[in-house]
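Please open the structure in your viewer and keep the selection tool at hand.

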Amino acid sequence: MFIFAQISDLHLDGGEHRAERAERAERVMSHLNALPVALDAILVTGDIADHGTEEEYEQARKVLSSPYPLLTCPGNHDARGPYTRILLGDGTEGPGAADPPPVNRVHRAAGAVFALCDSTIPGHDHGFLTDETLAWLDGELAAEPDVPAFVCFHHAPVPLHAPYVDGIRQFGEERLAAVLARHPQVAAVLCGHAHTAAAATFAGRPLLVAPGVASRLVFPWRHGDLVDHGAPPSVALHVLGEDRRLVTHYRAVV
């Protein structure tokens, strides 16, 4: 059995919301670190920072402290340079780097492969997987065809029937579907961005959207603000059984 948590959209803020956002994220991490069962990983699917500043990633390094492997993808509020230098600890990108390439990374665990894809487009809120990213993903999945794999990124590649979110979702998704068709070991596609727990299918696989830590999306058929900042932060717990069946539980952290 392989058990991992997924959180998303912390939006750690170096400005007026600094204390509030940090408290919510710390509450979530304390909850996960104190679970009576050991996690195989904690996945964070983007928008870790709110403005992509170095200060916010320094804060994220402290807030996201855990004894478990921490796997991250960037979101549209993240900035590739500071994200790579500070959060990932990779000094290859200098402070003046103009246009770092997509930050794609793979994590291989005892029972699963995580392909951590960069779906961001610097300067834009919507998402897109470049040809470079898709070629990288195809190669990583081909390397271990018998190991269950999770394809992870920030932007959902399907409409979620929330008008604002759908306008800034991941586009060009048919190209991703063509890659996944070649790799039946992919157990699920995991993303964030929408600030709501959601489930759909994509390319014949489960598509699971993590709820937000900073806030929760208000459904379009309700009146009011776009997001609810007072709703408790939430997490997803994914359990991959010996039969390779994936079960997901969503929980609010109060």
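A residue is called buried when its relative accessible area is under 20%, exposed when it is over 50%, and partly exposed in between (1.4 Å probe, protein chains only). Helices (H or I, at least four residues) and strands (E, at least two) are DSSP runs, numbered from the N terminus. This is a predicted model, in which local features need pLDDT of at least 70, side-chain atom pairs count only at pLDDT 80 or more, and totals for chains, interfaces and linings use all residues. Residues are numbered from 1 along each chain as its sequence is written, and side-chain values use heavy atoms, leaving out hydrogens and water.

Begin by selecting residues 80-87, helix H3. Eight of its eight residues are buried, so the rest of the structure largely encloses this helix. Among them are Arg 80, Tyr 83 and Leu 87. Next, display helix H2 (54-63) and strand E3 (70-73), which are included in what covers the buried residues of H3. Just after H3, select Gly 89, which takes a positive phi of about 70°.

Now turn to the open sheet. Its six strands follow the order E4-E5-E7-E9-E11-E10, with mixed pairing; two strands pair if DSSP finds at least two bridges between them. Strand E4 (105-108) and strand E10 (198-202) stand at the edges, each with a single partner strand, so one side of each lacks a neighbour in the sheet.

Select E9 (residues 186-191) and E11 (residues 205-209): these strands pair in the parallel sense over three bridges. Here Cys 191 stands opposite Val 209 in E11.

Notes: Contact = heavy atoms within 4.5 Å.
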